[in-house]
Amino acid sequence: MPLAASLASALVAMALTAVAGAPQVSARTGGSAAGQDQGNSASARLISQGKQTFRFDTFGDQAFWGGTLHLDQAIAGAKNGGVGPGLSPKAALAAGLKVDVDALPPSVQQGILNGTVNLDDPATTLALLKLNAVVGVKGFFDSSGNLNSVGIECALCHSTVDNSLAPGIGHRLDGWANRDLNVGAIIGLAPNLQPIATLLHTDVATVHKVLNAWGPGKFDAELLLDGKGFQPDGTSAATLIPPAFGLAGVNLHTWTGWGSIPYWNAFVAILEMHGQGTFFDPRLDNAAQFPIAAANGFGHVRAKNDLVTPALPGLQAYELSLRAPAPPAGSLDPAATARGKALFDGQAECSTCHVPPIFTEPGENLHPGSAIGIDNFEADRSPTHMYRTTPLAGLWTHQKGGFYHDGRFPTLLAVVKHYNEVFHLGLTAAQENDLVQYLLSI
């Protein structure tokens with residue numbers, strides 16, 4: 001059976017699949033127990049709603065990515081009603097996009113394994129979008145089955161897959177930073193980047209130069225606020241995509257502590273994803289620091305149809321439920337890890353700021369760059385002018401791309417050596433390696 005027909009059949013089968021009914025609640029449950037059960041049930045529903053939001057909600061941002069930038073046309077390609085060569089699955093995977101194996105019918109999974117599914121054909125990408133299988137990307141199709149818009153979801157940057165079927169194709173890992181994702185290259189595919197160039201008071205060629213400089217695993221959340229595409233040394237101003245797990249108990253979020261989880265979710269959904277919602281932050285009225293944001297009223301956004309605000313409680317609940325994953329069994333030296341923990345709590349003084357078990361300061365968790373031996377460029381792009389003490393849980397999952405906000409330290413050992421020098425810790429080379437082992441175990 002041809003690929004298009006097999007996928008169409010799979011879509012029909014999935015649509016006809018019945019969902020089991022909810023479990024019955026016993027009428028004999030006692031009052032206090034019933035109240036507790038109701039509370040647990042309400043919490044579970046909120047987390048479930050947040051999971052759906054995190055994975056599948058575009059907040060109406062397809063009006064921007066498809067309607068304004070026409071990214072859908074570049075994905076489809078000229079042969080499928082769009083423009084250009086189109087985006088094949090192979091090219092999409094190379095750009096760091098991921099495919100959810102659980103959204104693929106068994107026949108399609110087998111076709112990928114045996115090569116009968118053509119991963120060089122943009123039409124296959126469209127079929128995957130119809131299956132809702134591309135993590136963080138939603139395609140919108142007309143009655144004839146043609147792609148006519150595309151939107152993005154939270155999972156685009158903050159989920160990956162376990163590669164269980166093939167590289168880039170597997171079960172979802174929500175909350176993990178997608179350090180393979182080349183956001184700049186994907187945005188750069190859009191046929192109409194003029195709106196971004198106009199906002200930045202520059203030309204499209206310069207926009208491409210900025211986007212191409214990001215590279216895999218990086219995104220610049222402040223670019224459309226202050227227009228700074230590069231650091232003073234000429235390197236990209238983009239920062240690494242952080243994980244969205246292990247945030248329970250953490251006060252401020254993002255590399256520079258812009259705000260809480262619901263603050264940043266609203267900020268990203270509206271100002272970065274370009275969803276339809278209400279957002280308020282008068283700090284963005286500071287024209288000296290945020291000239292583009294101030295000129296365009298980004299600190300005072302209101303939507304007639306707010307698709308973001310109602311989703312914030314569930315989204316926060318789901319993200320808080322995402323625990324940092326433990327490192328793979330056998331990946332660390334237990335004796336070195338134990339020695340490293342003693343150093344972490346003692347001579348290395350790490351636990352002074354990275355307080356267990358949340359591994360950041362309880363309460364205010366911000367420091368100027370001078371306190372950690374670095375420049376203040378990225379901190380000065382935020383209202384805090386400081387860097388947040390990064391939570392350490394799950395460090396082993398996001399080693400790709402380097403460490404610190406901009407990946408300036410290529411390895412965790414380089415970070416330890418930096419602190420050893422800045423704080424005059426007197427650690428030996430062996431102790432530095434032991435400390436790395438412990439940090440990877442958190």
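**Exercise 1. Cavities**

Determine how many cavities of 30 Å³ or more the whole structure holds, and describe the lining of the largest cavity.

*Solution.* Step 1: a search of the whole structure, which is a predicted model, finds three cavities of 30 Å³ or more.

Step 1: assign the lining to elements. Helix 3 (62-65), helix 11 (204-214) and helix 12 (223-226) are the elements that give two or more residues to the lining of the largest cavity. Helix 11 gives the most, with three residues.

Step 2: sort the lining by class. Ten residues are nonpolar, one is polar and two are charged.

**Exercise 2. The second largest pocket**

State how much space lies in the second largest pocket, and identify the elements that give two or more residues to its lining.

*Solution.* Step 1: the second largest pocket holds about 260 Å³ of space.

Step 1: of the 13 residues that line this pocket, Leu199, Ile270, Leu271, His274 and Phe298 lie nearest its centre.

Step 2: two or more lining residues come from each of helix 10 (194-199), helix 12 and helix 13 (261-272).

Step 3: by class, the pocket lining comprises ten nonpolar residues, two polar residues and one charged residue.

**Exercise 3. Helix 16 and helix 18**

Classify the packing of helix 16 and helix 18 by angle, and list the residues that make the contact.

*Solution.* Step 1: two packed helices are described by the angle between their axes and the distance between the axes.

Step 1: helix 16 (residues 334-345) packs with helix 18 (residues 429-441) at an angle of about 95 degrees, and the axes are 7 Å apart. Angles of 65 to 115 degrees count as roughly perpendicular, and helix 16 and helix 18 are therefore roughly perpendicular to each other.

Step 2: helix 16 contributes Ala336, Thr337, Arg339, Gly340, Lys341, Leu343 and Phe344 to the contact, while helix 18 contributes Gln431, Asp434, Leu435, Gln437, Tyr438, Leu439 and Ser441.

Step 3: the residues of this contact divide into six nonpolar, five polar and three charged.

**Exercise 4. Helix 13 and helix 15**

Describe the geometry with which helix 13 crosses helix 15, including the handedness of the crossing.

*Solution.* Step 1: the axes of helix 13 and helix 15 (residues 312-321) come within 9 Å and cross at roughly 120 degrees. This angle makes helix 13 oblique to helix 15.

Step 1: the crossing of the two helices is right-handed.

Step 2: the contact brings Ile261, Pro262, Asn265 and Ala266 of helix 13 against Leu312, Leu315, Gln316, Glu319 and Leu320 of helix 15. By class, six of these residues are nonpolar, two are polar and one is charged.

**Exercise 5. Helix 17 and helix 18**

Carry out the analysis for helix 17 and helix 18, giving the angle at which the axes cross and the residues in contact.

*Solution.* Step 1: the axes of helix 17 (residues 412-422) and helix 18 cross at roughly 125 degrees and come within 9 Å. Helix 17 is therefore oblique to helix 18.

Step 1: helix 17 passes helix 18 in a right-handed crossing.

Step 2: Leu412, Leu413, Val416, Lys417 and Asn420 of helix 17 make the contact with Glu432, Asn433, Leu435, Val436, Leu439 and Leu440 of helix 18. Seven nonpolar, two polar and two charged residues form this contact.

Conventions. Residues are numbered from 1 along each chain as its sequence is written. This is a predicted model: local features need pLDDT of at least 70, side-chain atom pairs count only at pLDDT 80 or more; totals for chains, interfaces and linings use all residues. Side-chain values use heavy atoms; hydrogens and water are left out. On a 1 Å grid over the protein atoms alone, a cavity is a set of points where a 1.4 Å probe fits but cannot get out, and a pocket is an open set with protein on both sides within 12 Å along at least five of seven lines; lining residues have an atom within 4 Å of a point. Grid points are joined across faces, edges and corners, and a volume is the space filled by probe spheres set on the points. Helices (H or I, at least four residues) and strands (E, at least two) are DSSP runs, numbered from the N terminus. Ala, Val, Leu, Ile, Met, Phe, Trp, Tyr, Cys and Pro count as nonpolar, Asp, Glu, Lys and Arg as charged, and the others, Gly among them, as polar. Axes are lines fitted to C-alpha atoms, for helices over the stretch in contact, and angles run from 0 to 180 degrees between N-to-C directions. Angles under 35 degrees count as roughly parallel, over 145 as roughly antiparallel, 65 to 115 as roughly perpendicular and the rest as oblique. Contact means heavy atoms within 4.5 Å. A crossing is left-handed if the near helix is turned anticlockwise from the far one by less than a right angle, and right-handed if clockwise.
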